Every structure is written in structure tokens, then in C-alpha cells.
Amino acid sequence: MNRTSALILAERAVPRYTSYPTAPHFANTVNSEVVRHWMATLNPDASLSLYLHIPYCRDMCAYCGCATKATKRDEPIEAYVSTLIDEIEQAGAMMLAKSVRAIHWGGGTPSLVGPKRFSRIIAALTNAFDLSNVVEHAVELDPRVVTEEFIAMMARHGVNRASLGVQDLNAHVQVAMGRVQPFVMVADCVAHLRAHGINAINFDLMYGLPQQSVADVEKSARLALQLKPSRIASFGYAHVPWMRPHQKMIDAASLPGAAERIEQAEMAEQIFVEAGYQAIGLDHFALPDDPLAIAARNGTMRRNFQGYVTDDADALIGFGATSIGRLPRGYVQNFPDVGHWRRAVEAGELPIARGLVFSADDHARGAVIERLMCDFAVDFGGIADEYFGHADYFDDALAELDALAAQGVLMRQDRVVTLSEGGRSFVRLAAACFDAYLEHNRARHSVAV
Ligand code: SF4
């Protein structure tokens with residue numbers, strides 16, 4: 001693929017496909033009553049994955065794309081945790097399925113709850129569910145905020161993976177992105193985690209940041225490698241100030257253009273692969289013995305709202321404002337506004353704002369898109385045959401796929417698509433060929449690379 005084609009493709013706006021259908025298509029027809037029924041009728045043997053959302057941070061980083069808000073006070077966090085515990089108790093009481101396989105804490109900044117409240121939440125989870133089969137218990141950490149006391153307490157509660165927001169390790173970029181976090185702070189956090197036995201450590205790095213050059217990305221990547229994380233995600237910064245108004249703090253003129261973003265992504269990949277990391281899906285890397293690398297090699301890796309995961313639980317239950325869950329019948333999302341969410345929980349209702357009931361078409365297209373995003377290849381005829389008994393179900397995508405093939409993004413052999421080496425960065429464009437919602441309601445998304 002030549003550079004001009006790559007640039008044109010990189011500018012196209014497409015979803016990230018952490019779900020299909022994507023969240024903008026959720027509707028308020030899925031409400032508390034609907035989801036109560038879904039949860040109550042979940043197979044008692046179903047395995048569960050739990051997501052806990054803590055939507056508070058001490059300060060707002062200018063580049064942030066998360067559902068969170070800044071608070072210097074403790075009171076909102078105390079009130080939030082009380083409601084979160086009520087929500088956990090209510091959900092636990094209405095479900096027969098109890099066996100939890102994975103727990104993930106995200107935010108915001110989960111460590112802001114502090115050791116005592118974290119322990120209270122764990123106690124509520126232990127009462128409501130069966131945590132004896134948990135394989136992975138992961139917490140997102142901000143190295144600027146986490147204390148060694150908190151890390152020790154996490155370890156005592158069985159946390160075995162930590163995901164650190166690192167982003168970039170150059171002082172001038174950190175100032176421009178509104179998050180100053182020297183390398184030594186990250187190194188100390190990693191040392192404390194390892195000292196307490198939490199050895200599975202993920203780093204989130206970013207390219208496409210304000211004032212960031214290819215050399216900055218290279219320096220950050222090399223410094224990050226000194227700390228030997230087991231997984232690295234190298235995300236492209238998504239400048240969407242119409243969705244995240246605080247991003248207006250970033251001067252759009254200071255952002256690298258499409259060509260430089262591609263070079264930055266390539267530089268990061270080259271450094272991680274040369275260091276022995278396995279490239280996984282889109283923008284992810286893992287040491288070859290990490291479970292995610294093994295799942296990627298076996299073709300069993302999954303993709304959900306947390307990105308690439310090994311988790312194959314039957315249902316994902318989300319707790320906290322904004323959180324999204326996935327039940328066998330459809331997606332559910334809690335109220336994003338804390339006040340709304342709290343009033344619903346206090347009224348004894350599930351705090352569901354919206355969701356989506358899966359159709360057979362959604363299931364099948366979701367399967368095609370997930371395999372593409374995870375494997376860079378998919379036998380969409382085989383999936384069509386499995387779901388509908390005829391292989392030509394997705395043939396409406398052929399014209400768009402062939403246009404991408406002509407641009408060198410992918411190869412198509414009958415109804416099997418494989419991304420080219422140079423086309424992998426554009427896998428979202430290939431996935432978009434199977435997105436039945438895209439044309440009808442084109443929400444504004446971030447650029448493809
Ligand atoms: S980037 Fe992380 S720490 Fe910064 S505001 Fe967003 S959620 Fe909070």
C-alpha cells in the first residue's frame with residue numbers, strides 16, 4: 001500500500017468496535033424491567049465477568065476520553081461507594097448465576113476509593129457472588145495517585161493484574177497533554193506492584209498526542225520497556241472535543257497529522273516487536289508467555305469494552321454509573337449521570353439507561369467483526385453458514401471489501417478475508433464493511449489510525 005492511500009484511509013472515521021452494535025445505537029427501550037428479566041433468567045451455571053466503574057479522578061487530564069470527573073473531595077467518593085455496594089447487593093439478589101471468572105476495575109481512578117472502601121466493595125461482591133473461581137482480577141491504576149498501602153491491600157484481595165496509564169514519558173508532551181508523571185513515578189509503582197506479587201502489569205501508551213514527535217514515541221517506548229510490562233497497549237489519541245469538551249484544552253494545531261500518526265504507530269510497533277513482544281490485534285503487544293498472547297495464537301482472544309481480553313464469561317455485569325454490561329440477550333448500559341444512577345438504585349431499580357436487544361443479524365455481524373479485530377482474518381461465509389445456513393448472507397459487503405482489496409488493505413479469497421501486513425492498522429475499515437448500522441446513523445467517530 002502506498003503512503004497516499006494509507007493517508008486517505010487513515011482519515012476515515014470509523015468506530016473502534018469494542019462492541020457490535022456500537023454504543024451509539026443503544027436505545028432506552030432496554031430498561032430496568034427488561035434487564036431484571038434477563039438477569040433473573042440467566043442460566044445458574046453461567047460464568048460471570050464483573051466490571052466496576054469509579055468515575056472520579058483528582059484532576060482532569062486534557063486528553064482524557066473516559067467517563068469521569070474531577071473531585072478534590074472525599075464525600076462524593078464515599079457516597080458513590082455506598083450506592084455501588086447497594087447496586088451490587090441488588091444485582092446479586094436477583095441473579096441465580098453466581099460464579100465469577102473475572103473482575104475488572106476501571107474509571108476514572110479506582111484507587112481513589114482508598115483501601116477501606118475497596119475492602120468494603122470486595123466484601124459486598126463476596127456476599128453477592130462466588131469469587132472462588134476468579135482467574136483474573138485487574139485494576140486500572142494512575143501511578144500519580146496509587147499508594148503502596150493500596151497496592152498491598154489489592155494484593156491481599158487477590159488482584160493479580162494492574163493496568164497503568166503511562167501515555168508518554170517526555171516532559172514537554174506530558175505538559176501539553178495535561179498529565180505530568182515522571183518516569184520514576186511509574187517505576188516506583190511497578191516496583192511496589194511486583195514487591196506485593198502483582199506481576200501481570202499492563203502499560204497504556206499513546207501516540208498522536210499534542211507536541212508529540214516520532215522521536216518522543218521512540219523514547220517513551222524504550223523507557224517503558226525498561227520496566228518489562230507483560231502487556232502494552234499503544235493507543236492513538238482520539239481528538240473528539242464535541243464528545244469530550246475538556247479536550248478543548250488541547251490546541252488542535254499541536255496534534256500530529258495523519259502521516260505522523262502512522263509513523264508514530266509504526267515506530268512503537270517496531271520497538272516492541274524487536275524487544276520480543278508479540279503484536280496482538282490492533283495496537284496491542286504482549287510477552288509471548290502472557291495469556292493474551294497465547295489466546296491470540298490460539299484464535300481464542302475476545303474483544304470487549306476493556307479492549308482485547310482472554311475472558312470468555314457468559315455474561316458481563318457492569319456496576320457503577322456509565323458501565324456497560326453484556327448479557328446473552330443484549331447490551332445494557334447504566335445511567336451515565338451519577339445522580340440519575342443513584343436515584344434508580346435507591347428506588348430499588350436497576351439503574352439502566354439504555355441498551356440493545358441482539359437480533360440474529362447482530363450476533364452474526366458481531367462474530368465477524370470480533371474475529372476480524374482479533375485475528376485480522378475471518379471466514380465470513382463460514383459464519384454466515386453457521387448462523388443462517390447459507391454462506392452468501394454477507395455478500396452485500398463484497399463491493400466495499402473489494403475496494404479495500406484494491407487499495408492493498410486486505411486480500412479476499414471467496415468469502416475469506418485476510419488483512420495484508422500493511423493493512424492491519426486499517427482493520428476497523430474492514431470491520432465497518434460488515435456494520436449494518438453505519439450508513440443509517442453515522443455517528444462521529446475518531447480517525448482510523
Ligand atoms: S486519563 Fe485517567 S486519570 Fe486522567 S482524567 Fe481520564 S480517567 Fe482520570
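The structure is a predicted model, in which local features need pLDDT of at least 70 and side-chain atom pairs count only at pLDDT 80 or more, while totals for chains, interfaces and linings use all residues. Residues are numbered from 1 along each chain as its sequence is written.

The domain assignment gives domain 1 (1–20 + 359–442) and domain 2 (31–319), with bounds that come from an automatic or database domain assignment. The centres of the two domains, taken over C-alpha atoms, are 27 Å apart. Twelve residues from domain 1 and 15 residues from domain 2 make up the contact, where two residues are in contact if their C-beta atoms, placed from the backbone, lie within 7 Å. On the side of domain 1 that touches domain 2, α1 (3–10) and α12 (360–375) each supply at least two residues, and α12 gives the largest share, four residues. Helices (H or I, at least four residues) and strands (E, at least two) are DSSP runs, numbered from the N terminus.

Turning to the strands, β19 (residues 416–419) pairs with β17 (residues 377–379) in the antiparallel sense over three bridges; two strands pair if DSSP finds at least two bridges between them. Strand β18 (residues 410–413) also runs antiparallel to β19, joined by four bridges. Residue V416 of β19 is the bridge partner of D379 and of Q413. A hairpin is formed by β18 and β19, with two residues between them, and D414 in its turn has a positive phi of about 55°.
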